[in-house]
Amino acid sequence: MIWILANFKEDPTFNLYSERKSFKWIVLAISVVISASSIVYTSQLVQRIRERESKQISLYAKTLEYLSNEGDLPNAVFILEEIVDANNTIPVIVANEYGEPDFYKNISKADGISDPEKRKQFLLEEIQVMRKQHEPLLVTLAEQGQIYGYKTIYYKNSELLNRLKFYPYIQLSVIAIFGLIVFAVFNYSRTAEQNRVWV
């Protein structure tokens, strides 16, 4: 591109379209570099968000375990407000030892189901989906050293993480469309130039 502009300044009669092949390769190279950089950056960003969400759910599990095992009410209320309620993005289902959902959060479809049985069936299906995405976390319930039950925490990727996964494909589509437009413009210009020569 710089070479073409330099030649144009030196020679005003320089025909841009006569160098269309070089320009096409320059556009292609720029598109490839932008696409590769976008894919690498987005992949790293997705990995970081996935790790952060995993750590957040691990802390979530430890918090629920602490709230279940400790009798310190002031600290329990503080932890509940600061950690458990702070999760407003990651879909979570807490199930009992029988695999039945006891609690869920950030699952909007479940909120729209008024029938308890249908909601329970939907949550059980969601548990199967979550199990495929992430390994569930086991919470041990104990009182004075005696184990009296278990809870299992299931979770899946947040909506933000799912959107970021598709972002590179959207960007690649935009770049491809831009490249097609550039090639179409140059092909049209070449045809128009040939027609002028024939005229």
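Two strands pair if DSSP finds at least two bridges between them. Strand E1 covers residues 92-95. E1 pairs with strand E2, residues 101-105, in the antiparallel sense over 4 bridges. Ala-95 shows both pairings. In E2, its bridge partner is Pro-101. In E4, Thr-152 stands opposite Ala-95.

Now look at the faces of E1. In a regular strand the side chains alternate between the two faces of the sheet. Val-92 and Val-94 lie on one side of E1, with Ile-93 and Ala-95 on the other. These four residues are all buried, so both faces of the strand are covered.

Next comes the turn. E1 and E2 form a hairpin with 5 residues between them. Gly-99 sits in that turn and has a positive phi of about 85°.

Step back to the whole chain. It holds 6 helices and 4 strands. From the N terminus on, the order is α-α-α-β-β-α-α-β-β-α. The chain has 199 residues, and buried ones make up 30% of them. Its accessible surface comes to about 13700 Å², and 60% of that belongs to carbon and sulfur atoms. Take the contacts between residues at least 6 apart in sequence: 55% of them join residues at least 24 apart.

How far can the coordinates be read? The average pLDDT of the chain is 77, and 76% of the residues score at least 70. Confidence is lowest in helix H1, residues 2-10, at a mean of 45. Over residues 1-14, pLDDT stays under 50. The model has 10 contacts beyond four places in sequence for that stretch. Where pLDDT is low, the predicted coordinates should not be read in detail. Confidence is highest in helix H5, residues 116-133, at 92.

Helix H5 contains Glu-126. Is this residue buried or exposed? Glu-126 is buried, because its relative accessible area is 11%, and the cut-off for buried is under 20%. Leaving aside residues up to four places away in sequence, Glu-126 touches Ile-93 and Lys-156.

Side chains of opposite charge can pair when their charged atoms come close. The count here comes to 4 salt bridges. One of them joins Lys-120 and Glu-100, with the closest N and O atoms 3.7 Å apart. This pair links distant parts of the chain: Lys-120 is in helix H5, Glu-100 is in the loop between E1 and E2, and the two are 20 residues apart. Lys-120 is partly exposed at 30% relative accessibility, and Glu-100 is partly exposed at 34%.

Asp-102 and Lys-151 meet in another salt bridge, at 2.5 Å from N to O. Asp-102 lies in strand E2 and Lys-151 in strand E4, so the pair ties together parts that are 49 residues apart in sequence. Asp-102 is partly exposed at 42%, and Lys-151 is partly exposed at 23%.

Glu-159 and Arg-163 also form a salt bridge, with their closest N and O atoms 3.7 Å apart. Both are in helix H6, and they are 4 residues apart, so about one helical turn separates them. Glu-159 is partly exposed at 49%, while Arg-163 counts as exposed at 59%.

Finally, turn to the nonpolar patch on the surface. Ile-39, Phe-166, Tyr-169, Ile-170, Leu-172 and Val-174 form it, with about 600 Å² of accessible area together. Helix H6, residues 159-198, gives the most to the patch, with 5 residues. Phe-166 is found in H6. At 54% relative accessibility, Phe-166 counts as exposed.

Technical notes
Residues numbered from 1 in each chain as written. Predicted model: local features only at pLDDT ≥ 70, side-chain atom pairs only at ≥ 80, totals over all residues. Heavy atoms only, no water. Patch = residues over 30% accessible without salt bridge, like charges linked within 9 Å, V, L, I, M, F, W, Y side chains within 5 Å. Areas by Shrake-Rupley, 256 points an atom, 1.4 Å probe, with all protein chains shown as cover. Salt bridge = Lys/Arg side-chain N within 4 Å of Asp/Glu carboxyl O. Buried < 20%, exposed > 50% of the residue type's maximum accessible area, 1.4 Å probe, protein only. pLDDT = per-residue confidence, 0-100. Contact = heavy atoms within 4.5 Å.
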